[in-house]
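Colleague: Please go through this model with me, and tell me what each label rests on.

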Amino acid sequence: MRDYDEVTTFLGEWGPFQRLIFFLLSASIIPNGFNGMSVVFLAATPEHRCRVPDAANLSRAWRNHSIPLRLQDGREVPHSCRRYRLAAIANFSALGLEPGRDVDLEQLEQESCLDGWEFSQDIYHSTIVTEWSLVCEDDWKTPLTSSLFFVGVLLGSFVSGQLSDRFGRKSILFATMAVQTGFSFLQIFSINWEMFTVLFVIVGMGQISNYVVAFILGTEILGKSVRIIFSTLGVCTFFAVGYMLLPLFAYFIRDWRMLLLALTLPGVLCIPLWWFIPESPRWLISQRRFREAENIIQKAAKMNNIAAPVVIFDPMELQELKLQSQQKVFILDLFRTRNIATITIMSLLLWMLTSVGYFALSLNAPNLHGDAYLNCFLSALIEVPAYITAWLLLRTLPRRYIIAGVLFLGGDYNFLSIGLVMLGKFGITSAFSMLYVFTAELYPTLVRNMAVGVTSMASRVGSIIAPYFVYLGAYNRVLPYIVMGSLTVFIGIITLFFPESFGMTLPETLEQMQKVKGFRFRKRTRDSVEKEENPKVLITSF
């Protein structure tokens, strides 16, 4: 029986139909770029200090010295969460005593910010932090906001594939666009942090589901050669374009509610795409809807000015397809032998720590020296050459060496140099974009889809904990870079122990998997070999 690619060879690889699908699906990814990173500006924390009420009976001198100083990055700055006890300094002011001359400020009793905070509006006019005072005792809510968005991403990763398998690629693509756009719009009307965060979880579910389903739809419609470019450059580059648009919107719109409204509107512009993007013919065939699949292929042929065969799918092939059955593999098969278990554990670490580095650097970009908006734009811009470099390297060089190399480059963080931070972002982004290809090449056909699915889930866990690496900067500005850089170099070293997959035939069975470098495994018994040669676990799509 011929496969789908053989049946549709007559369409060609890069006609008007393929170009339309490539660019429309890639364009549908743009809103994911700014929604995925919008928390950088929505939940930004401006400089702040305790509010001293205008009604407080204080002299000018005491009002200017009402906030104690603390040491930060080698310089004294006003404390963000403490003030001198207002009743005490009001009494000193009434007695005509001068701060520092008549009263030793270091001996004064302090209190928390009982009257709220004053926030600087030099950079941000309004964020959810200033709206609901997510500072001091409540500052833990800021990284939690980001983490819960990525919890939504994790949940969306679980359900998006299953929903698109059940209801179709096109329907779920536009349904998840509606979820992402609709719930982002509802966030504008949030009355408290709890409401905003719950809606943000749902936005995260829609964001990743939209991305995954667009990715699946493109790889199923496009031919083999275009499919590789679409999956490595198309969706990734357009995601970076959306990411670049985020600081541009945020620069001109400094209020978080208006910014969220502006970020929501592009999602509405995707509605007309419904009439241009078709359903996946592969999915229609899997659902035995052969006539609909043929109609789409015939329309594609007409758009490409190619004469389609009168009969695209042979009746005998359709009968054979109906008789085919799929059976399941299990997650424990990824740990069946010591070798595959070692590769799986190393892959989980590789995906998770690379994700930590990528998202921590992205979320921390506005906190670097210089202009917050420019830093965020540069962080997004550097991803475009990173994706192109990754694609070129994957075509010509061994996988484990290039991934380890760019990870070592990614571990070179220096918070004093914007250039070195961007170089680190370049390296970690290149590595991240290579992992899908590398993982797919390592595992045999039996468990390949499941392996990619499980390891990519580990990256979602990494994104959930990444905001807390940024949070470390509240204690020491250099600490996040020391921790992230060390972990990135560590996982780069681990990568060198992976088997090499470049130029190798894809393994079909567990026995054909290459061995981990530097590890010795006991020689297996004849019975265990026979069990691997005749596995009871069969193939299915994950």
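**Salt bridges and a helix pair**

Modeller: A search of the whole structure finds six salt bridges, a salt bridge being a side-chain nitrogen of Lys or Arg within 4 Å of a carboxyl oxygen of Asp or Glu. The model is predicted, so local features need pLDDT of at least 70 and side-chain atom pairs count only at pLDDT 80 or more, while totals for chains, interfaces and linings use all residues. Residues are numbered from 1 along each chain as its sequence is written, and side-chain values use heavy atoms, with hydrogens and water left out.

Colleague: What makes arginine 83 and glutamate 111 a salt bridge?

Modeller: Their side chains meet at 2.8 Å, N to O, and the limit is 4 Å. Arginine 83 is in strand β4 (residues 82–84) and glutamate 111 in strand β5 (residues 110–112), so the pair links distant parts of the chain, 28 residues apart. Strands here are DSSP runs of E with at least two residues, and helices are runs of H or I with at least four, both numbered from the N terminus.

Colleague: Why is arginine 83 called buried?

Modeller: Its relative accessibility is 2%. Buried means under 20% relative accessible area, exposed means over 50%, and partly exposed lies in between, with a 1.4 Å probe and protein chains only. Arginine 83 therefore counts as buried. Glutamate 111 is buried too.

Colleague: Which class does aspartate 115 fall in, and why?

Modeller: Aspartate 115 has 33% relative accessibility, so it counts as partly exposed. Its side chain forms a salt bridge with that of arginine 83 at 2.9 Å, N to O. Aspartate 115 lies in the loop between β5 and β6 (117–119), so its pairing with arginine 83 in β4 ties together parts that are 32 residues apart in sequence.

Colleague: How do you know that glutamate 292 and arginine 289 form a salt bridge?

Modeller: The closest N and O atoms are 2.9 Å apart, against the limit of 4 Å. Glutamate 292, at 38% relative accessibility, counts as partly exposed, and arginine 289, at 32%, is also partly exposed. As for networks, salt bridges that share partners join Arg83, Glu111 and Asp115 into one.

Colleague: What is glutamine 110 in contact with, leaving aside its neighbours within four places in sequence?

Modeller: Pro68, Arg82, Arg83, Tyr84 and Arg85, where contact means heavy atoms within 4.5 Å. Glutamine 110 lies in strand β5 and is partly exposed, with a relative accessible area of 33%. Glutamine 110 and proline 68 are 42 residues apart in sequence and 8.2 Å apart in space, C-alpha to C-alpha.

Colleague: Why are α3 and α10 called roughly antiparallel?

Modeller: Helix α3 (residues 30–37) and helix α10 (residues 193–221) pack at about 150°, with axes 10 Å apart. Angles over 145 degrees count as roughly antiparallel, under 35 as roughly parallel, 65 to 115 as roughly perpendicular and the rest as oblique. The two helices are therefore roughly antiparallel.

Colleague: Which residues meet there?

Modeller: Asn32, Asn35 and Gly36 in α3 meet Gln207, Asn210 and Tyr211 in α10. By class, this contact has one nonpolar, five polar and no charged residues.

Colleague: How many helices and strands does the chain have?

Modeller: There are 23 helices and six strands. Of the 542 residues in the chain, 52% are buried.

Technical notes:
Axes are lines fitted to C-alpha atoms, for helices over the stretch in contact, and angles run from 0 to 180 degrees between N-to-C directions. Ala, Val, Leu, Ile, Met, Phe, Trp, Tyr, Cys and Pro count as nonpolar, Asp, Glu, Lys and Arg as charged, and the others, Gly among them, as polar.
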